[in-house]
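Dear colleague,

I am handing over the structure below, together with an account of what was found in it. Please read the notes with the coordinates open beside them.

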Amino acid sequence: MVQIQYLGRFLDIESDEKITYTIQVQDLADVSTVSSSFTTSFKLPKTINNYEAYKSLSLPSDTSNIPYIKSEVKLYDNSTILINNGWLKMNNSNDYFNVNIENGIIDFFKSIEGKTIGGDLELTETNHNKDLVSVIDSFNRNDYCYIIADYNGLNTYIKSNVEYINSDYLVPSLNNLYLWNKIFSYAGYTYEGSIFSNELFNNLWVTYPKAPPTKSDEEGFPEPILRFSSNKTNNIVYTEDYDNLIIEFNLENIVLNGVLFESNKITIQSTGTYSLDSIFDGYADYIIEDNWGYPVGSERSYFRPALLINGVLNTYNSQINSVNLRSGDVVEIICHWYDIEGGYINGIRELKFNSYNIKLTQISQSIIDFGKEFLDISIAEYVKEIMIRFALTPFIDVENKNIKFLTLSERINTLNVIDWTDKYIERTNETYTYNDYAQRNWLKHKYNDENATFNNGYISVNNKNLADQKDLYSSKFYSYNNEVTTFYSNDFKNNSFPIWNREIKETINNDTNEKTYEVSYKGLSNRFYFIKRKELNKTINIGSQLLKIEDSVNSVKIADTLNLSYSEVINNYSDFSKILSDTRIHEIDIFLDINDLLNLDLKALYYFSQENQYYILNRLTIDFSSRVTKGEFIRVKYNG
């Protein structure tokens, strides 16, 4: 006898009501979809008990919200719980309430339904100001990284006859494993599977979809952040130290706008690119001596600032246009003077200090906000994209909120085999084709050139009775361009991932008819690409032409495109393709008791000696009236 318990109440069911329950994880007839287990639609009579459970639903002037919420139910088979956390879905009502129950992966997908990566996941730790230091530091990060690639922008520039990688035309990418962990944390689930130790899974990245501004007058270019500014004209304390002047700024342990200022030292609290202006009004009068040490006159030398970073002299200039500083760095400001002949000062006659003015400003190219720019990717479609890329099937443990992912090859080649010979009744049907497939089943990217197809791939089925081809899955992610470009050196030779569009403008001189060409770069948007990174251990010059700062690093991360295209992804379906090309779908009646159902393992292969065959159990349909269970079994040529 079937019973349904809702909110602690057993609902009334007519004794002759026929209910069947289909158990499945993913219908292999369409690997581009994820399937839940479900019951057929059945009727609940409109009894007083059921009206009370449904809060008077369908009665005149009812205000019940039952059809619109998750109604958790338990389904009992002969007093044993077969479904513990099912969804009782109200379809419609007439003389009866017409309902059905779903369970399984629906719980997970309902938890992320209507949610977006940018709007619902907590990504704030990846938000940052784009400057050269954030680009360089990202090479060692595992959440976001500025992978050096051709994004169709100005990849390099020359300064003082030195070529630099131009960070202005780089964009960051988010790591797939980082996003996967965020998704499962948000949904409240754990996961497992060998795929999560797969190098490609862990080294898959998604590009920032929008071009950051590259000109200071362009909309969206951020205002510099003033970290500290001070102008003193009185109560100035200073001491002599040979040819330096140590100034006490009279600011003790004060934090202003993220900068710790103590005496004459600034401790940086926020990593970034900074400019520093420091002006000192003062002078020293000193005696000029002849070769025998006799005074012959006096001279005046004016102060100029000296800046030390972490104790190392950086510059004697009054201004640093751009310098990379990291959290914890200490900038020390001192005054310096020297005589016009270049020697040390002797015999200071008068020391005069009038005022100082110091301003520390953080500058950046743009503010990178992954949350804002990833609003266009739903969590559900991202999970589906990854499952298709790696040919994954989810096996959910609803009670423990855990999902185990197996590849199709793992399902087909598993050593986990269950012998159901003693459960066998008869085979009722044999089918030779999956009509949901064609001979070529295409997985398709989006392209910058809408006529391009070069990175698409198809799952092949060697069956001439099927249609020639069909689109199995169309992604919202873009393919990289087909052409290979080289810049800086042959180490940077790969396909491009256009985030900018290059436009060449021709100008003709009316007097000389001479033609000149100017290249401009227009930013694109909504360009989500998958990209990989690999390490290049080599000294690389990198700079920001916009922020006027350069550096060199000993190791960078550069783009890699191996196994990114669908033409390579289909290799994950090679074993499955063999099954489709030699299809035997057997519908077999079996007898299972409640313990068999409770311990059902859809990850296993099943064997019947009557058929002398091994099978994937695609779905199992339980008829609670006849007690006969029908299974749809897909033949596997087992090599175990």
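Two strands are taken to pair if DSSP finds at least two bridges between them. With that in mind, strand E44 (residues 605-608) and E45 run antiparallel and are joined by four bridges. Please keep in mind throughout that this is a predicted model.

To continue with E45, which spans residues 613-623, this strand is mostly covered, eight of its eleven residues being buried. On the side of E44, Leu-605 has Ile-616 of E45 as its bridge partner, and the hairpin that these two strands make has four residues between them, with Asn-612 taking a positive phi near 55 degrees. E45 also pairs with strand E46 (residues 629-636), again in the antiparallel sense, over eight bridges, and in this pairing Tyr-614 stands opposite Val-636 of E46. E45 and E46 likewise form a hairpin, here with five residues between the strands, and Arg-627 in the turn has a positive phi of about 65 degrees. A further antiparallel pairing, over four bridges, links E45 to strand E3 (residues 20-23), where Tyr-21 finds its bridge partner in Ile-622 of E45.

As for the chain in general, it has twelve helices and 46 strands, and 50% of its 640 residues count as buried. Among the contacts between residues at least 6 apart in sequence, 72% join residues that are at least 24 apart. The accessible surface of the chain comes to about 30,100 Å², and carbon and sulfur atoms account for 43% of that area.

Of the helices, I would draw your attention to H5, which has twelve residues (176-187) and reaches 16 Å from its first C-alpha to its last, close to the 16 Å expected at 1.5 Å a residue. The N-terminal end of H5 is capped by Asn-175, a side-chain oxygen of which lies 3.0 Å from the backbone nitrogen of Leu-177. The buried residues in H5 are Asn-176, Tyr-178, Leu-179, Trp-180, Ile-183, Phe-184 and Ala-187. After the helix comes Gly-188, whose phi is positive, near 80 degrees.

Is Thr-273 buried or exposed? Thr-273, which is found in strand E22 (residues 272-289), has a relative accessible area of 0%, and because buried means under 20%, this residue counts as buried. Leaving aside its neighbours within four places in sequence, Thr-273 is in contact with Asp-131, Leu-132, Val-133, Ser-322, Val-323, Asn-324, Thr-361, Gln-362, Ile-363 and Ile-549.

The other threonine, Thr-80, is found in strand E7 (residues 80-93). Its relative accessible area is 26%, which lies between the cut-offs of 20% and 50%, and therefore Thr-80 is classed as partly exposed. With neighbours within four places in sequence again left aside, Thr-80 is in contact with Leu-75, Ile-594 and Leu-598. Its C-alpha atom is separated by 9.4 Å from that of Gln-3, a residue 77 places away along the chain.

With kind regards

Notes
Residues are numbered from 1 along each chain as its sequence is written. This is a predicted model: local features need pLDDT of at least 70, side-chain atom pairs count only at pLDDT 80 or more; totals for chains, interfaces and linings use all residues. Side-chain values use heavy atoms; hydrogens and water are left out. The expected span of a helix is 1.5 Å times one less than its number of residues. Buried means under 20% relative accessible area, exposed over 50%, partly exposed in between (1.4 Å probe, protein chains only). A polar contact is a pair of N or O atoms within 3.5 Å; within protein, one must be able to donate a hydrogen and the other to accept it, and residues adjacent in sequence count only if both atoms are side-chain atoms. Contact means heavy atoms within 4.5 Å. Accessible areas come from the Shrake-Rupley method with a 1.4 Å probe; for residues, only the protein chains shown count as cover.
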